[in-house]
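Student: I have a structure open and would like to talk it through. Can we start with the sheet and go on from there?

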Amino acid sequence: MQSMQATLGTPTSSALSRFSTSTQDKSSTAGQTSSTGPQPSRPSIIPPPSKSKGWGTGASGGRMRRIIAEDPEWSLAIVPLLTELCIQHIVENFQNNPILKQLLPEHKQKVLDHLSPDLPLAVTANLIDDESYWRRCCTQRWPVCHVAKHGGSWKRMFFERHLENLLRHFIPSTTDPALILELLPLCRNYVRRLRVDQFLPPMKLPPRPRSGELSESGSEAEVEEPATDHYQLGDLVAGLSHLEELDLVYGVKDCGMNFEWNLFLFTYRDCHSLAATIKACHTLKIFRLTRSKVDDDKARVLIRSLLDHPALEELDLSHNLVGDRGARAAAKLLSHSRLRVLNLANNQVRALGAQSLAHALAHNTNLISLNLRLNCIEDEGGQALAHALQTNRCLTTLHLGGNELSEPTATLLSQVLAVNTTLTSINLSCNHIGLDGGKQLLEGMSDNRTLLEFDLRLSDVAQESEYLIGQALCANREAARQRAPNPSCFLSPITAKGPENPAG
Amino acid sequence: MDCQIDATLKGLKKLAKLLLCGTELVTNIQVAADIREIHRRVEEGEIRRQRLEKLENEVKSSQDKFDEITMKWEEGKRKRIPQDLWDMLNTQQVHCAGLIEDKNKLISELQQELKTKDDQYVKDLKKQSDDICLLLERMEEQVRNVMKTFRQELNSIEKAFEAERRELLTSNKKKWERALQAHNAKELEYLLSRIKKVEDYEKQLNKQRVWDCEEYNTIKIKLEQDVQILEQQLQQMKATYQLNQEKLEYNFQVLKKRDEESVVIKSQQKRKISRLHDILNNLRSKYTRQIRQFEEENQSLTSDYIRLVTQFKELQKAMRHFALLDDKRFREIWLMNEEEAKDLISKAFDVDRIIHTQHLGLPWTAPDFWFLRNVGPISQQQQRSATQILEEVLIQTEEEGMEEATSETESYLDLPKQVSMKTTRKILMLLCDESGFLIESKLLNLLRPLEKSECYLLKLDAIFSALGIESEDDLYKLVNFFLKYRVHHSPSSQERTSPMSALDPGEQTDLERQKEGSLVGGEPEEKEVPPSPTLIHPNDVLKILEAFVMGLRKPRDPPAPVKVVKYVRDTSKDSAYWEALATVLPYATQNLWDALYTALEKYHLVLTQRAKLLIENNSLEKQNTELQMLLQQYLDSKINSELHVPPTQVLRAPTK
């Protein structure tokens, strides 16, 4: 029997030999039927793996013919290939016995195509790198997936959003913190960004009545501090070795009519633990803490921990309660780090804070973007910033919307516009620039060739000068477009503004 | 194309404007919210300020009221009458109620405000949601608009491109058709010309064919003839081939045989070679062994030789030493003997003189012999000086060369008398100056730092060694040769030399003796002492030297026998001398002496007899006196008197 199979395998080309093999085939089939006896049924055709290796593909044709001779109803289409059956088996038992790395590339792809997205992460996290699988996971879980926001990696997106989801619904003292820490070894290599837009406070069993009528100030809420701590990020962040971006909001989202002040408490202990966390995280590049009632003291604690941070590039403390002292701390941070973007929008920075920021800005060479929207720096602060811009050679974007600025700042800024060649975008909307201020700004604009955006909406500027400024900006844009013949620069203002829109 | 670019640029500008407007429209909402917020903040600040003022006022008034009430409490404590107290309490109650009411009012007011705030919050929420809705709407609208415009723009661009493409297509097609037509026309032309050409060629071909046929036939005939000739040649070649083959086979056989033989020979030769190799190796080894052996032998022999040489040298030294000693001793003995002989001779002369003067009464003249005058060491030295100086000079030349040239005092003794010191010295100096070519350059270099005299000495040494002058004799020969040469070639100087020769007559004799031995110059007449060596011209020195060397070659051999002869003659002279000494007295005198001797002996005999007789006489006289004395004594003695008969009387009597 074995020798016959061997002779079957060897002859290949000549017609004569094939003819002889065909005759041999018949005899061999007869021999096999006699020897194998009662096992011609279809499933039994799947040979044990040791046999299949010996036969290879050359002999399969002969076998097929033989089987057809036996069973006229059988056709090749019905019986799946052995490899497919194996793959199917692997897919079915992947949870218990994950076999992937040993497979051939095409088989691997097949297995990945058939794996269920519901497999436990403990199995799949460190085993599967294939994007298509994680894409299926993501699309199955979330209807809207914006993979570009996660560096184009579906796997990263899956883990980041999964972790964010867990953190969002984490309730201190009721949820088990191990739930998150268990996930840590699985996702530590993939998570680069952590964007948590709500932290739930601990549950209070009795819905307490309002302690007083004047409870809107945060100081009274601090009395009941120990009970309102949020989830401590320390362990988690220390475990994530590639974390680069941290975007946190200590507050509850979509509370609607169930509003309560103590849903939005960023306690001192939270603050200290967060400060220690970000200090220990040396890979952190972007840190955002918005809408979290960060007042001066907390801002100082946080910023002190960020001094001389090796990687930090962006700090966003918008929509908080940062005052002049916090602004001064931020100014100190400017000279003690490589910060490129600073956002203090919608805070309580006044003239003093703006002056200290201006002082730091005057000699800074890293900062590209400064946002002081909706503060109250007034003319004093505005003038100080304008003075600083006369020496600064780095800042490109400045947002001073809603700062009660008026004509004196405008005159100084017009001088800056004539001198400065780095600024590309200035926003002075919602100020009281006045008609004369508008004219002076127009004069400044006439000498400027770099500014691409200049927002003067709702700032009491005469329509004529606003139009003329718009014309000058158009000319600048045209010049910039011709300097850089890449058509994508058209879309850059929109994409740059993109993330700002939802913030407003 | 340009209009296309313009259109696209226009479209792009339009799009940019649209985008800008859209974003402005969208951000307008945010700006509006911002300004609303600012207004709210301002209002809120104002309201808060009012509220705080109000509260402060309230606190003040209520504090006043409270103070009043507490004052009244103090008052009430002092009251004793219950009615008064009651009244007071009532009024207090009223006051308190008023205070509380005030507070309640305030609280309710604030609550009212809070409620309005709540409402406001709800409104704000609504407003916010409205804003967001609006925002979304606008964004969607913008997206829609932008998409629409983009699509339109795309369509227009596509259309433009399409149109352009069509245009291009049509123009290209036209071009193509034109080109095709031109091509067809040309093709036709070509075809016609080609047909013509083909016909021409056919004609030519036919002609050619005919001509070729003829040529072919002629060539064929010729070739056939050639073939026949070649076949004949082939036959011949075959025959020669056969012959050659046989020859070659035979040669091959022979060669085979020879080869075999040569193989045999070769093997033999090989064997022989190997054997010879063995022999050669053996011989080589033997040769090396012998070389080693001979080397060893040579070494031992050289060492022996060296030892023998040293021994010989020592022996020579000893010999010299002994010779000197012998000389000395010989001289001493000589002197002693001579002295003795002289003594004896003088004694003999004395005796002779005495005999002559006293005994014979003849006048005596002292004999005058040369050897008598020469008696003494001087005459002996003169005789021996030649050999002695020779020996000394030999020693000196061996040890340090010619010293006489430098140290005049020392050399004066050694120099023979025949040539004056000065002249020799001058001649030597001249020689030294003129014949510098005989000195080696190395030596000259070495001599430079030395003193002049030493310099001369060493130079002369070198020159003499070059000339072959070994002994003092040679040196003298040289000097004399010089002198003679000068005399020969300058006869004018002879007159001047004659007075000079009178100055040293002693020298001439010695010179004469010297010249007897020398074979160079055979003229004893030329004994003139050179007047001064300056008369010899320096240019002549070389000639003189040449002549001298030519002369010196011949007498090189015979100096040893000359020396021996000299020595023998010396001894004969010695014996003659001694004999002369011995026969200083002639035989006549001896005979005289003998006769005298005999006469004197006879005389002596007589004299001795006489002397004996005299002695006898004397002794008898003596005896007589003694006896007389004894007689006297006896006669004078007392006994005689005492005696009866004195002897004296007797004696007298007898005697009388």
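Tutor: What follows is a short talk about this predicted model, taking the sheet, a loop residue and the nonpolar cores in turn.

Student: How many strands form the open sheet in chain A, and is the pairing parallel or antiparallel?

Tutor: Nine strands form it, in the order β1-β2-β3-β4-β5-β6-β7-β8-β9, and the pairing is parallel.

Student: Which strands stand at the edges?

Tutor: β1 (193–196) and β9 (453–455) of chain A do; each has a single partner strand, so one side of each has no neighbour in the sheet. From one strand to the next, the twist averages 5 degrees.

Student: How many bridges join β3 to β4 in chain A?

Tutor: Three, between residues 286–289 of β3 and 314–316 of β4. Phe287(A) stands opposite Leu315(A) in β4(A).

Student: What else is Phe287(A) in contact with, beyond four places in sequence?

Tutor: Its contacts include Leu246(A), Leu248(A), Leu274(A), Ile278(A), Leu306(A) and Leu312(A). In the largest nonpolar core, which has 113 residues, Phe287(A) and Phe454(A) touch the most other members.

Student: Changing topic: is Ser318(A) buried or exposed?

Tutor: Buried, because its relative accessibility is 6% and the cut-off is under 20%. Ser318(A) is in the loop between β4 and α15 (324–335) of chain A. Residues it touches include Leu289(A), Thr290(A), Arg291(A) and Asn343(A).

Note on methods
Residues numbered from 1 in each chain as written. Chains lettered and ligands numbered in written order. Predicted model: local features only at pLDDT ≥ 70, side-chain atom pairs only at ≥ 80, totals over all residues. Heavy atoms only, no water. Pairing = 2+ DSSP bridges. Helix = DSSP H or I, 4+ residues; strand = E, 2+ residues; numbered from the N terminus. Axes fitted to C-alpha atoms, helices over the stretch in contact; angles between N-to-C directions. Buried < 20%, exposed > 50% of the residue type's maximum accessible area, 1.4 Å probe, protein only. Contact = heavy atoms within 4.5 Å. Core = buried A, V, L, I, M, F, W, Y, C linked by side-chain atoms within 4.5 Å.
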